[in-house]
Amino acid sequence: MSLAVVYTRACLGIEAPEVTVEVHLSGGLPALNIVGLPETAVKESKDRVRSALINAGFDFPVRRITVNLAPADLPKEGGRFDLPIALGILEASGQLPKNALLNSEFLGELSLTGGLRKVRGVLPAIMAAKRAGRALFLPGSNIHEVLLCKNSELFAVNSLLEVTAHLLGSKKLETIPYQPFKDKVVQQRDLSEVYGQFKARRALEVTAAGGHGMLMFGPPGTGKTLLAECLPGIQAPLSESERLEIASVYSLVTDITPQHLYCRPFRSPHHTASGVAMVGGGSIPKPGEITLAHQGVLFLDELPEFDRKVLEVLRQPMENGKVTISRAARQITFPSQFQLIAAMNPCPCGYYGDKIKSCQCTPLQVQRYQQKISGPLLDRIDMHVQLSRLPAVEILNKKSSAEPSEQVKKRVKAAVELQRNRQSVLNAKLKASHFNQYIPLSAEGKKIMNTATDKLSLSVRVVHRVLRVARTIADLDATDVVNGSHLSEALSFKLPDIDVNS
């Protein structure tokens, strides 16, 4: 029977659904037909496979060859199916033993000489093959991704001949050993570079400890961008599962580097970015900025300059931690658990309310500028921090006495471990149904919260976000009960121009 079955994996977002490659040789005019919803690059694989087999010294069957990529309703793209198709032809034509491919999966694009080229989205395939209990053969150029996973049956191969020699038993390949993560020092901005701005530094520490979002507003030159760039340096270290999630995302779009594995992502898109660039999309959906910032920071500088429609698309991913892109042929969900850090000037000229330089804008211009950001989006940002400018002479003649990032990071790490041991998630993701259990308020705290809610007409969403921030402040103090000082500080971050004690 001239039929062979080979297993491989497609790439659907950060998922790797199984694909069964069925190869059948029959009588009739010589031809090679590929069915099963292949896109252009997959259809062209018949020419690559034919040349690769001949140049590697194998016989290409002069028969009618039908290749079915099942399931038929799953779109197939890229050159990742070249290797399984070639091996299926070899088994169906009797050049490989029957059932030699049953307990393995294969991925790789073939060159015309029979060599293997790198493919995108390998990490999800590695993890899926491990769950299926099969060995996985991958191009040797994907070795950096292969080393990240605990899978005892991973093989990195450089050519079709290496794969067939292993399957025939003439030259066995060695499995790739797992290399555990070891934290490396990655050069980042340090908080010791920030002059003054003690409240903003404190807010940044709370942001890092609880996973909260933050909006900074103030005149130009107050250090808003510098503070945002310091955030990854004080966040808690990445866990192994978080590293794999980040690497899985970046394996879809670029080569994985140590920067992707040892520090959290920091994405800073330009204010001209479109909605598709922000959330992802395209005819073949690709991840956008919010997915590339997964488990890291999305920094939006000059927030009012972004198109309002672009900002509004952030609301749903901020709540759900994922974004679903729907197309006629497919629907793909990307993760998007990011911390939103935004910065803005108070007016078009930037000096409204500044004590050093007077503002040149009219009241109407100031109002229009500030109204570019919708109320619902502002409600979803946990902390609002106002920054003031320091005189240049004072900065030039004074050395920074601020804590370095390493000291702040120790407190953040302790607070994060406290949250994960108590409730498994960071406070920013704590559900309202768990507030009574995890956010016990002191008598003074209840009084302050009730007074603020009544006097300021706070929405339920704002109240919940204030409680989450107060819980984080209490965790930094290593206290179980959220008291009045914690709530007062949390309210000052959400309502910086309000006296919470009045």
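Predicted model: local features only at pLDDT ≥ 70, side-chain atom pairs only at ≥ 80, totals over all residues.
Helix H2 spans residues 45–55, and its buried residues are Ser45, Arg48, Val49, Ala52 and Leu53. These residues lie on the same side of H2, because they cover an arc of only 125° around the axis. Just after H2 comes Gly57, whose phi is positive at about 95°.

## The cysteines Cys230 and Cys263

The structure holds 0 disulfides. Cys230 takes part in none, and the nearest cysteine sulfur to its own, that of Cys263, is 13 Å away. For a disulfide the two sulfur atoms would have to be within 2.5 Å. Cys263 is likewise in no disulfide, with the sulfur of Cys230 as its nearest cysteine sulfur.

## The largest pocket

The largest pocket has a volume of about 870 Å³. Its lining is made up of 35 residues, of which Gly211, Gln337, Leu426, Ala428 and Lys429 are the closest to the centre of the pocket. Two or more residues of the lining come from each of helix H14 (315–320), strand E17 (339–344), helix H18 (405–423) and helix H21 (460–476). Sorted by class, the lining has 11 nonpolar, 13 polar and 11 charged residues.

When neighbours within four places in sequence are left aside, Ala273 is in contact with Met278 and Val310. Phe306 is 33 residues from Ala273 in sequence, while the C-alpha atoms of the two residues are 7.6 Å apart in space.

Pro348 is found in the loop between E17 and helix H15 (363–370), where it is partly exposed, with a relative accessible area of 46%. Beyond its neighbours within four places in sequence, Pro348 is in contact with Cys361, Gln365 and Tyr369. Between Pro348 and His294 there are 31 Å in space, C-alpha to C-alpha, and the two residues are 54 residues apart in sequence.

## Backbone details in the loops

Most residues other than glycine have a negative phi, and most peptide bonds are trans. Against that background, the bond that joins Ala70 and Pro71 is a cis peptide bond, with omega at about 5°.

Ser424 is not a glycine, yet its phi is positive, at about 75°. This serine lies in the loop between H18 and helix H19 (435–438) and is exposed, with a relative accessible area of 60%. Ala478, another residue other than glycine, has a positive phi near 60°. The loop that holds Ala478 runs between H21 and helix H22 (484–494), and at 61% relative accessibility Ala478 counts as exposed.

Conventions
Residues numbered from 1 in each chain as written. Heavy atoms only, no water. Buried < 20%, exposed > 50% of the residue type's maximum accessible area, 1.4 Å probe, protein only. Helix = DSSP H or I, 4+ residues; strand = E, 2+ residues; numbered from the N terminus. Arc of directions from axis to C-beta. Contact = heavy atoms within 4.5 Å. 1 Å grid on protein atoms, 1.4 Å probe; cavity = no way out; pocket = protein on both sides within 12 Å on 5 of 7 lines; lining within 4 Å. Points joined across faces, edges and corners; volume = space filled by probe spheres on them. Nonpolar A, V, L, I, M, F, W, Y, C, P; charged D, E, K, R; others polar.
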